[in-house]
Amino acid sequence: MNILGTSLRVCVNDLEAAVAVYERLTGAEALRFQRGGVSVAAVGCFFLMSGPERELTILRKITATIAVSDVDESLADLRAVGAEIIAGPVPTPIGRNLVARHPDGLVFEYVDRKPG
């Protein structure tokens with residue numbers, strides 16, 4: 001598996017206020033998109049998320065998002081180490097993702113930028 005980077009997931013009540021703070025701290029401009037009922041702003045290495053509490057409760061269970069070169073390759077490696085695949089691979093606005101529970105119990109999202 002080729003890990004390209006990691007993004008931290010931050011659930012916020014006021015997305016606009018949070019975007020201003022994180023744009024200032026990172027020097028990066030927010031890339032915005034919707035994922036279901038959740039508004040997301042990717043700012044540097046942060047995914048700021050705001051939306052209905054029922055959806056945020058699920059998103060908070062994911063420790064971090066890991067960018068990889070190929071989700072299919074990651075799927076094979078995750079299975080080889082005994083990870084449980086919770087969801088995916090599925091298309092996203094920028095590529096594909098999957099969610100896996102590692103043998104230690106931590107949950108991670110893996111994403112690539114390949115078309116679905």
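**Is Arg96 buried or exposed?**

Arg96 has 10% relative accessibility, and buried means under 20%, so Arg96 counts as buried. The model discussed here is predicted.

**Strand β7 and its neighbours**

Arg96 lies in strand β7, which spans residues 96-101 and is mostly covered, with 5 of its 6 residues buried. Strand β6 (residues 84-91) pairs with β7 in the antiparallel sense over 5 bridges, and a hairpin of 4 residues joins the two. Within this pairing, Pro91 has Arg96 as its bridge partner.

Strand β8 (residues 107-112) also runs antiparallel to β7, joined to it by 6 bridges. Here the bridge partner of Arg96 is Asp112. The hairpin formed by β7 and β8 has 5 residues between the strands, and Gly105 in its turn has a positive phi of about 100°.

**Salt bridges of Arg96**

The model contains 7 salt bridges. One of them links Arg96 to Asp70, with the closest N and O atoms 3.5 Å apart. Asp70 sits in the loop between β5 (64-68) and α3 (71-80), so this pair ties together parts 26 residues apart in sequence. Asp70 counts as buried at 17% relative accessibility.

A salt bridge also joins the side chains of Asp72 and Arg96 (2.9 Å, N to O). Because Asp72 belongs to helix α3 and Arg96 to strand β7, the pair connects parts that are 24 residues apart in sequence. Asp72, at 41% relative accessibility, counts as partly exposed.

Asp112 forms a salt bridge with Arg96 as well, the closest N and O atoms being 2.5 Å apart. Both Asp112 and Arg96 are buried. Through shared partners, salt bridges join Asp70, Asp72, Arg96 and Asp112 into one network.

Definitions and conventions: Residues numbered from 1 in each chain as written. Predicted model: local features only at pLDDT ≥ 70, side-chain atom pairs only at ≥ 80, totals over all residues. Heavy atoms only, no water. Buried < 20%, exposed > 50% of the residue type's maximum accessible area, 1.4 Å probe, protein only. Pairing = 2+ DSSP bridges. Salt bridge = Lys/Arg side-chain N within 4 Å of Asp/Glu carboxyl O.
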